[in-house]
Amino acid sequence: MLKSKVALSACLLGCTCRYDGNNNLNENLLILLDAYEIVPFCPEDHCFGTPRPTMDLVKNEDNVEAISNETQKNISRPIREYAQNFFRVNPNITLFIGKDRSPSCAVKSGKIYDVEKNLLDKKGTGLMAQVALDLGIESWDAETYEASHTS
Ligand code: SF4
């Protein structure tokens, strides 16, 4: 029987694609996802390479955008394009699990700042996770998923 597909932040699988070249391997989470076919993604490595400068989510008048901490430029567009393309070529994803607190992958744990870098919210959504939610895909932060599915 075909397994259901879960989209998973690649750093949680052990991929060394974090901004600092490290990973966020979570073996317990991988055990919990044993029944799924894992489809990894990493928008930031794809768009900007590894290692790379960090970014923050900043709320302007209309939207939440990813702003580079190096150049202060809005670098949201390639991340959103990567996310849209990922779900276009992987139409059968039924579950999305993103790395907590990531400006790309967090579902409900991203920090949102105002344009003067005052913290507005610690439960924001990263740009790729937002695309998953907009598509109606069940989406979780990794730590929340793990806590909810560990007895
Ligand atoms: S963008 Fe997402 S998948 Fe890539 S390193 Fe950051 S948290 Fe992990």
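Student: Which residue of strand 6 is the bridge partner of Leu57?

Tutor: This is a predicted model, in which local features need pLDDT of at least 70 and side-chain atom pairs count only at pLDDT 80 or more, while totals for chains, interfaces and linings use all residues. Residues are numbered from 1 along each chain as its sequence is written. Helices (H or I, at least four residues) and strands (E, at least two) are DSSP runs, numbered from the N terminus. Strand 3 (residues 55-59) runs parallel to strand 6 and is joined to it by two bridges, and within strand 6 the partner of Leu57 is Ile112.

Student: Which residue of strand 7 is the bridge partner of Ile112?

Tutor: Strand 6 (residues 110-113) and strand 7 (residues 119-124) run antiparallel, joined by three bridges. Gly110 has Gly124 as its bridge partner in strand 7. For Ile112, the partner in strand 7 is Asp121.

Student: Which residue in the turn of the hairpin formed by strand 6 and strand 7 has a positive phi?

Tutor: Five residues lie between the two strands of this hairpin. A positive phi, of about 70°, is found in the turn at Lys117.

Student: What is the average twist from one strand to the next in the sheet of order 4-3-6-7?

Tutor: Strands pair if DSSP finds at least two bridges between them, and here four strands make an open sheet with mixed pairing. Strand 4 (64-68) and strand 7 are its edge strands, each pairing on one side only. Axes are lines fitted to C-alpha atoms, for helices over the stretch in contact, and angles run from 0 to 180 degrees between N-to-C directions. From one strand to the next, the twist averages 40°.

Student: What is the corresponding average in the sheet of order 2-1-5-8?

Tutor: Strands of a sheet pair through backbone hydrogen bonds, either parallel or antiparallel. This open sheet of four strands has parallel pairing, and its edges are strand 2 (37-41) and strand 8 (138-141), each of which pairs on one side only. The twist from one strand to the next averages 25°.

Student: Within what arc do the buried residues of helix 3 fall?

Tutor: Helix 3 (residues 76-89) has 14 residues and spans 20 Å from its first C-alpha to its last, close to the 20 Å expected at 1.5 Å a residue, the expected span being 1.5 Å times one less than the number of residues. A residue is buried if 20 or more other C-beta atoms lie within 10 Å of its own, exposed if 12 or fewer, and partly exposed in between, with C-beta atoms placed from the backbone. The buried residues of helix 3 are Ile79, Tyr82, Ala83 and Phe87. Taking the directions from the helix axis to the C-beta atoms, these residues line one face of the helix, because they fall within an arc of 125°.

Student: Is Arg77 buried or exposed?

Tutor: Arg77 belongs to helix 3, and the face turned away from the buried side carries Arg77, Arg88 and Val89. Because 12 other C-beta atoms lie within 10 Å of Arg77, this residue is exposed.

Student: What is the phi of Gln72?

Tutor: Gln72 lies in the loop between strand 4 and helix 3 and counts as exposed, because 8 C-beta neighbours lie inside 10 Å. Its phi is positive in a residue other than glycine, near 65°.

Student: Is Arg101 exposed or partly exposed?

Tutor: Arg101 sits in the loop between strand 5 and strand 6 and has a positive phi of about 70° although it is not a glycine. Because it has 16 C-beta neighbours inside 10 Å, Arg101 counts as partly exposed.

Student: What is the omega of the cis peptide bond from Thr50 to Pro51?

Tutor: Pro51 is placed in the loop between helix 2 and strand 3. The cis bond from Thr50 to Pro51 has omega near -5°.
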